[in-house]
Amino acid sequence: MQKVIHWSYLGERAIEIASLSDEPNFYVGLSDFLKRKLILEIEDIYITDHSITVQFKFALSLPVDDLIVLVEGYDHQDDVISNQPVISIPICYDSEFMMDAQHLQKQLNLDFDSLIELHLAGSYRVAMFGFMPGFPYLSGLNDLLSVPRLATPRKRVPKGAVAISNNMCGIYPNTSPGGWNIIGRSPFKLFDECDDPPVRLKLGQAVQFCRISKSEYDAYLGD
Amino acid sequence: MPISVIKIIKTTSLVTIQSKQRTGFRKFGVPSSGFQDEHGAYLGNWLVGNDREAPSIEVFGNMLVFEALSECVIAIGGACSRLLINDQQGLLNQAHKLVLNDVVVVENVTAGSIFYLSIAGIFFGESVMGSVATDLTNGWGGFQGRILKKGDLILGTPTLRVTNRNFTIASTHSQFTKNITIHIIAGPEAHLFSKQVLDEFYGESFALSADSNRVGYRLSGTKIKSLAGDISSKTVLRGTIQVPPSGDPIILMADGPTTGGYPRIGVVADADIGLLAQVRIGGRVRFRLCTPDQARRNSFNQRIRLNLFEE
């Protein structure tokens with residue numbers, strides 16, 4: 001069945017194509033496919049929740065129709081992405097780190113243990129990076145944990161804060177202002193500007209959380 | 001061997017080392033940074049014989065005073081109205097050779113908000129992810145990832161040949177005016193604004209707010225209200241105009257983030273980014289809708305003009 005492709009310009013050099021599939025890894029696969037086809041034409045490709053943006057280098061005319069034909073011809077198979085190893089990310093749910101525990105319990109009508117259990121049990125995928133360098137948006141959050149952003153964002157969210165908002169979970173690679181609900185803390189290093197690539201997670205990669213104690217957290221950071 | 005080339009004596013401006021953009025890392029959430037007004041930076045670099053994208057010192061504001069700690073050749077690009085070398089007026093459209101302890105005052109009191117100091121030869125900035133452009137938000141690149149302050153020493157290996165290049169000031173500096181019109185291409189969420197609101201957006205002018213910086217230019221004026229408050233986080237690029245619930249549009253600039261959750265009403269045409277970057281606080285910005293084809297044609301013609309500054 002041929003799908004209608006919704007696209008829009010994002011400025012004169014970029015085309016954003018949205019809502020092609022509900023499967024997050026579709027976009028990762030499509031991005032790899034287009035990169036191979038257009039390696040000399042594109043500046044880069046960006047993935048966000050249910051959309052992909054293809055940014056071209058300087059060009060007098062953009063081959064929009066040809067790009068759409070390419071996208072239509074893409075046959076998604078999850079093989080490449082599924083072959084990536086599942087990565088395990090340690091999280092400490094110490095009360096000191098669960099900065100929004102109280103209002104989350106109230107708002108979601110869950111007790112403390114169920115909150116942690118539901119959060120731990122999710123099977124997550126790296127859906128996109130954004131907001132700040134290396135910040136992963138992890139899809140796969142349990143619907144029971146779906147909660148809006150804080151009405152008033154925090155001026156300072158600590159590095160490693162694990163936070164949830166709507167249907168996503170994220171981890172702050174560095175100290176920053178932020179408006180997500182903080183549920184734990186991770187010592188996992190997400191971003192280093194001196195590494196190539198600077199991120200340790202890959203787009204589309206499966207992520208599993210594992211629970212660690214406060215002393216394990218301290219030991220992890222001490223290494 | 002790098003030597004100390006200049007020392008910052010005084011500034012009231014936001015002074016950073018900038019260069020070509022940090023490309024290829026936006027997909028990991030890393031801003032591109034780089035020159036806000038590439039045209040201005042290219043001219044300065046061209047005058048001293050550097051590559052057009054070579055690192056230069058961006059002065060976002062009105063004033064910079066520095067001292068030469070070695071012989072060097074300098075030039076100014078962008079919005080500058082006055083160059084004093086040891087109290088002697090210097091021509092703005094050419095390179096100047098400095099000797100030890102020369103004191104240089106660069107000022108802009110007329111129009112435009114950014115000028116560039118180029119130094120002939122190589123000067124040293126910290127390269128991070130392929131670019132020495134300073135990213136102030138994340139604290140990397142350039143000079144320890146921070147603003148240059150009084151007393152800072154700029155290291156480099158200056159070359160001392162003075163070029164015979166010069167350009168007509170009228171063709172470059174007079175473009176900076178208090179009120180500008182910039183071309184924009186309709187954004188992916190333009191449909192989230194009513195016809196009446198879009199008419200106002202394109203009909204009125206907006207003032208540049210004092211809290212504008214390298215991350216974003218904030219505008220105030222008629223409140224632009226969208227039919228939806230937030231969207232899920234989507235890709236944003238330099239020049240993307242987002243409309244938060246306050247109704248005051250924000251145009252993302254060099255250090256802007258890579259994703260945003262506000263409706264994207266439009267994107268500034270590439271050819272007009274430099275002009276926009278040069279608007280002063282309080283200056284007025286008017287938007288004119290154009291097609292992507294028109295925008296690309298303007299960019300093409302601008303690149304042809306810039307390519308004249310190649311040898």
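Student: How far apart are the mean positions of the positive and negative charges of chain B?

Tutor: Lys and Arg count as positive, Asp and Glu as negative, with His and the chain ends not counted. The place of a charge is NZ of Lys, CZ of Arg, CG of Asp or CD of Glu. In chain B of this predicted model, the mean positions of the 31 positive and 26 negative charges are 2 Å apart.

Student: What conventions apply here?

Tutor: Local features need pLDDT of at least 70 and side-chain atom pairs pLDDT 80 or more, while totals for chains, interfaces and linings use all residues. Residues are numbered from 1 along each chain, chains are lettered from A and ligands numbered from 1 in the order written, and side-chain values use heavy atoms, without hydrogens and water.

Student: What share of the residues in chain B is buried?

Tutor: Buried means under 20% relative accessible area (1.4 Å probe, protein chains only). Buried residues are 58% of the 311 in chain B.

Student: Which strands form the open sheet of chain B, and in what order?

Tutor: Strands are DSSP runs of E, at least two residues long, numbered from the N terminus; two of them pair if DSSP finds at least two bridges between them. The order in chain B is β7-β6-β9-β4-β1-β12-β11, seven strands with antiparallel pairing. At the edges, β7 (88-89) and β11 (121-123) of chain B each pair on one side only.

Student: How many bridges join β1 and β4 of chain B?

Tutor: Five bridges, in the antiparallel sense, link β1 (residues 3-11) to β4 (residues 63-68) of chain B. Lys10(B) has Val65(B) in β4(B) as its bridge partner.

Methods. Buried < 20%, exposed > 50% of the residue type's maximum accessible area, 1.4 Å probe, protein only. Helix = DSSP H or I, 4+ residues; strand = E, 2+ residues; numbered from the N terminus.
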